[in-house]
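Please open the structure in your viewer and keep the selection panel at hand.

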Number of protein chains: 2
Amino acid sequence: MRSVIMEEPGKVVVEDRPMPTLLEPTDAVIKLAASCICGSDLWPYRGAQPVDHQQMGHEYIGEVIEVGDDVKTVKPGDFVVGSFCISCGECATCQDGYPSRCLKAIAAGDGFIGMRSNGTQAEYARIPFADGTLVKTPAYPTAEQIPHLMAASDVLGTGWYAADAAKAGPGKTIAVVGDGAVGLGAVIGAKQLGAEKIIIMSRNPERQALAKQFGATHVVEERGEEGIAKVLELTDGVGAHGVVEAVGTQQAFDQALGCVRHGGYIGFVGVPHDSSIGTDVLFGKQVHLEGGPAPVRKYLPTLIDLIYKGEIEPGKVFDLVLPIDEAPKGYEAMDQRTATKVLLTM
Amino acid sequence: MRSVIMEEPGKVVVEDRPMPTLLEPTDAVIKLAASCICGSDLWPYRGAQPVDHQQMGHEYIGEVIEVGDDVKTVKPGDFVVGSFCISCGECATCQDGYPSRCLKAIAAGDGFIGMRSNGTQAEYARIPFADGTLVKTPAYPTAEQIPHLMAASDVLGTGWYAADAAKAGPGKTIAVVGDGAVGLGAVIGAKQLGAEKIIIMSRNPERQALAKQFGATHVVEERGEEGIAKVLELTDGVGAHGVVEAVGTQQAFDQALGCVRHGGYIGFVGVPHDSSIGTDVLFGKQVHLEGGPAPVRKYLPTLIDLIYKGEIEPGKVFDLVLPIDEAPKGYEAMDQRTATKVLLTM
């Protein structure tokens, strides 16, 4: 089967690799209907984290073709959406609402897609703990629904979680730092959760336009101190009730901290790279901070339902569609910011 | 009037100073019934933060002797308890439940006790924004109630907030890092909020005993990695649902992070000194973090009610009572850890 490999930073190839197989009785193997390239894939691509001939990809939708003996909730022929985090659905952490830190999956060495088997920028993939990880869709999706479901697998689910952690809700003002696919997903989440004012911080006209379609009410183009000043202007000088941090850099964190009000909430989902927070700053601002790998699985039933009802169209974040063999072009486009998010077809 | 002055690190004296007066029509002046020395007073005492002839003290209970023209809720003769944070009770931040970051008080230069006038280790003190800051007790307190109310003014209120931020509640396990008066107050808070298992991390036999009186169900004497391992043992290897950090050092933060479960809560109230948290650690643990100057004012009505009903006895944290003129001895005792908390009488 075809599989996307990052041989070293900046060097992506597509090669034939062996078909994945069931390793555990709780596994499923799926045939991908589509995959995509994640903003977080750019960290190793740009040399900001090590990579050595890795089979890439952690976002997936597709059809189940084989299940282990212990799998009960999905069967061959089912169309499924899953998360990059593997979850049993039964352990204390899953039950607490954090399937992204599933104790059983982590103990099994299967905490994330691709840890014990291949990634999902491939034609087929092994999914551990299928019962707790996969959600069956109500019907086989149409071609139009494919990108929306694909977005639900990670960027929408992750943005939604960040909006939830930022306590988006009726009457609230939410600022979103980061206009990538996750930030745009956070706009959808904030809107659906009822936020009154949604500020997207973006200097890219196309992303601004999409953010507005998704529910953003205000755009702030400035960054750093100037951006913070603009957000304060829009919030009676007090700051946003909640801020989504969807980048992961020190600059983005500092911006989020500057934009939030005392007693407010920051939901952070950008994978952190060399950033830290002085506890004196957190103490002084007295914000609530929550972040980590998004518990997407928890939100999937809601997201799939909204997609099938036609109430959200998160797939619009994909502005470049390429066959899997052209994945290297997709990486280049995202690296150069000529594409927000790349969908790969099989 | 007598007032405690820290001339420089390690040098405390008691001298006569002018009586405080009303500076604003929203002020009150109170006659202190008692005051106390705070763990945070030890930072400048030990040279860890600058100090220059400062009138010390921010905890207070006493009788109102004079009010400004705009004060409506308290009058001369009323016995009151207040918080070290000044609050108007009306601004967006006060209304959001964060009177400790009151917008009006901060704008007026009166955010904390002692900013525009003297501290409360003194016979009299000016209290800004009296209506939003002071809470009248249901009756003039008995001698036995004085230390309990005194504790409510800061250490109990602060510990209670930390327990609340750590989401103490029925069925929950709460670990408390720090066995000072605030940590002990957090034990009371966790107990009253319904926590099932309360772990105090302490190697001091007297503090352990008091923590048990207050509701601690387990004691962990070890620190650092060994302490974390013990807490994991007591929590099925998963970690506490919530952790109170009541010290402020890097070591205490790291210990709190190690003791909490994925998706858990850390309430931190130790005033941070040179500590920081890598956002990658927060991301990996996926904890909720909240801390800052405690919004004690919010909790005072509840705390006062419990004290008058005799349901809590937080004043037991005071293990040394000295007349104000002997305040220097009190600082020495707390610095040497021969006293947990010193009550000063007038």
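Predicted model: local features only at pLDDT ≥ 70, side-chain atom pairs only at ≥ 80, totals over all residues.

What is the mean pLDDT of chain A, and what share of its residues reach 70 or more? The mean is 96, and 100% of the residues of chain A reach 70 or more; pLDDT is the predictor's confidence in each residue, from 0 to 100. The model as a whole scores ipTM 0.91 and pTM 0.93.

Residues are numbered from 1 along each chain as its sequence is written, chains are lettered from A and ligands numbered from 1 in the order in which they are written, and side-chain values use heavy atoms, with hydrogens and water left out.

**First stop: the two chains**

**Second stop: the interface**

Select the residues of each chain that are in contact with the other chain (heavy atoms within 4.5 Å). The contact takes 38 residues from chain A and 38 residues from chain B. Of the interface residues of chain B, 100% are also interface residues in chain A, so the copies meet through the same surface.

About 2900 Å² is buried between the chains, and carbon and sulfur atoms give 61% of that area. Buried area is the accessible area (1.4 Å probe) that two parts lose on being put together, summed over both. Now select B:Thr279, B:Phe283 and B:Gln286: in chain B these lose the most area to chain A, together 26% of what that side buries.

Two salt bridges are counted between chain B and chain A (a side-chain nitrogen of Lys or Arg within 4 Å of a carboxyl oxygen of Asp or Glu). Display A:Arg261 and B:Asp96, whose side chains meet in a salt bridge at 3.5 Å, N to O.

Which order do the strands of the open sheet in chain A follow? The order is β2-β1-β4, with antiparallel pairing. Strands (E, at least two residues) and helices (H or I, at least four) are DSSP runs, numbered from the N terminus, and two strands pair if DSSP finds at least two bridges between them. Strands β2 (11-16) and β4 (54-55) of chain A stand at the edges with a single partner strand each, so one side of each has no neighbour in the sheet.

Select residues 2-8 of chain A to show β1, which pairs with β4(A) over two bridges. Here A:Met6 stands opposite A:Gln54.

**Last stop: a link across the chain**

Select A:Asp335 and A:Arg46, whose side chains form a salt bridge at 2.7 Å, N to O. A:Asp335 belongs to helix α13 of chain A, whereas A:Arg46 is in the loop between α1 (42-45) and β4, 289 residues apart. Over all chains, the whole structure has 38 salt bridges.
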